[in-house]
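Subject: Structure for you to look at

Hello,

Here is the structure I said I would pass on. Please open it first; my notes on it follow below.

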Amino acid sequence: MKTVVEQMVSYSSYHRDPRNKATHFKGVPLVTFSILNPMGRFRFTPLDIPLSIAMLFVLGVSLYYLKLDRLLAIVQLPFTASLLYLADHVALLPFAESMQIFGVSYRDWE
């Protein structure tokens with residue numbers, strides 16, 4: 001696994017343009033929300049604990065970031081948790097409404 005420094009060096013080598021950075025600032029959260037929204041529709045309740053595939057995905061990504069860099073994980077977690085919270089609530093809406101919001105967030109990303 002590459003270190004966080006190696007990954008940032010690689011990332012910065014092709015993300016130098018301020019416009020590119022600006023689109024990533026908006027685009028990455030929209031993509032994350034767009035992924036978590038449909039994943040949140042798949043729910044199950046082991047041991048009376050309500051879970052969704054989105055929650056397990058965020059847990060896995062968070063564990064990866066913890067292994068990669070603890071400070072990065074701690075800083076990133078409130079943002080990811082907020083996106084998970086929003087996506088989870090949208091996933092509980094009726095299917096048509098949920099997918100309409102998913103479509104809007106996806107369209108904004110393009």
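Val58 sits in helix α3. Keep in mind that this is a predicted model. With a relative accessibility of 8%, Val58 falls under the 20% cut-off and therefore counts as buried. Leaving aside neighbours within four places in sequence, the residues in contact with Val58 are Leu36, Thr80 and Leu84. Val58 and Thr80 are 22 residues apart along the chain, and their C-alpha atoms are separated by 7.5 Å.

Overall layout

The protein has five helices and two strands. Read from the N terminus, the order of elements is α-α-β-β-α-α-α. Of the 110 residues, 24% are buried. Among contacts with a separation of 6 or more, 61% are between residues 24 or more positions apart.

The core

Which residues make up the largest nonpolar core? There are nine of them: Phe33, Leu36, Met39, Ala54, Val58, Leu83, Leu84, Ala87 and Val90. Helices α2 (18-39), α3 (53-68) and α4 (70-91) are the elements that each give two or more residues to this core. The largest share is that of α4, with four residues. As a general point, nonpolar side chains in soluble globular proteins tend to be buried together.

Ala54 is another member of this core. Apart from neighbours within four places in sequence, Ala54 is in contact with Leu36, Met39, Gly40 and Leu84.

Helix α3

The 16 residues of α3 should span 22 Å at 1.5 Å a residue, and the 23 Å between its end C-alpha atoms agrees with that. Its buried residues are Ala54, Val58, Ser62 and Leu68. Viewed down the axis of α3, these buried residues fall within an arc of 115°, so they line one face of the helix.

Helix α4

At the start of α4, a side-chain oxygen of Asp69 comes to within 3.2 Å of the backbone nitrogen of Leu71.

The buried residues of α4 are Ala73, Gln76, Thr80, Leu83, Leu84, Ala87, Asp88, Val90 and Ala91. The side chain of Gln76 makes a polar contact of 2.4 Å with that of Thr80.

The loop between the strands

At 80% relative accessibility, Leu47 counts as exposed. Asp48 is found in the loop between β1 and β2 as well. Its phi is also positive, about 60°, although Asp48 is not a glycine. Asp48 counts as exposed because its relative accessibility is 73%, against a cut-off of over 50%.

Regards

Note on methods. Residues numbered from 1 in each chain as written. Predicted model: local features only at pLDDT ≥ 70, side-chain atom pairs only at ≥ 80, totals over all residues. Heavy atoms only, no water. Core = buried A, V, L, I, M, F, W, Y, C linked by side-chain atoms within 4.5 Å. Buried < 20%, exposed > 50% of the residue type's maximum accessible area, 1.4 Å probe, protein only. Contact = heavy atoms within 4.5 Å. Polar contact = N/O pair within 3.5 Å; in protein donor to acceptor, adjacent residues only side chain to side chain. Expected span 1.5 Å × (residues − 1). Arc of directions from axis to C-beta.
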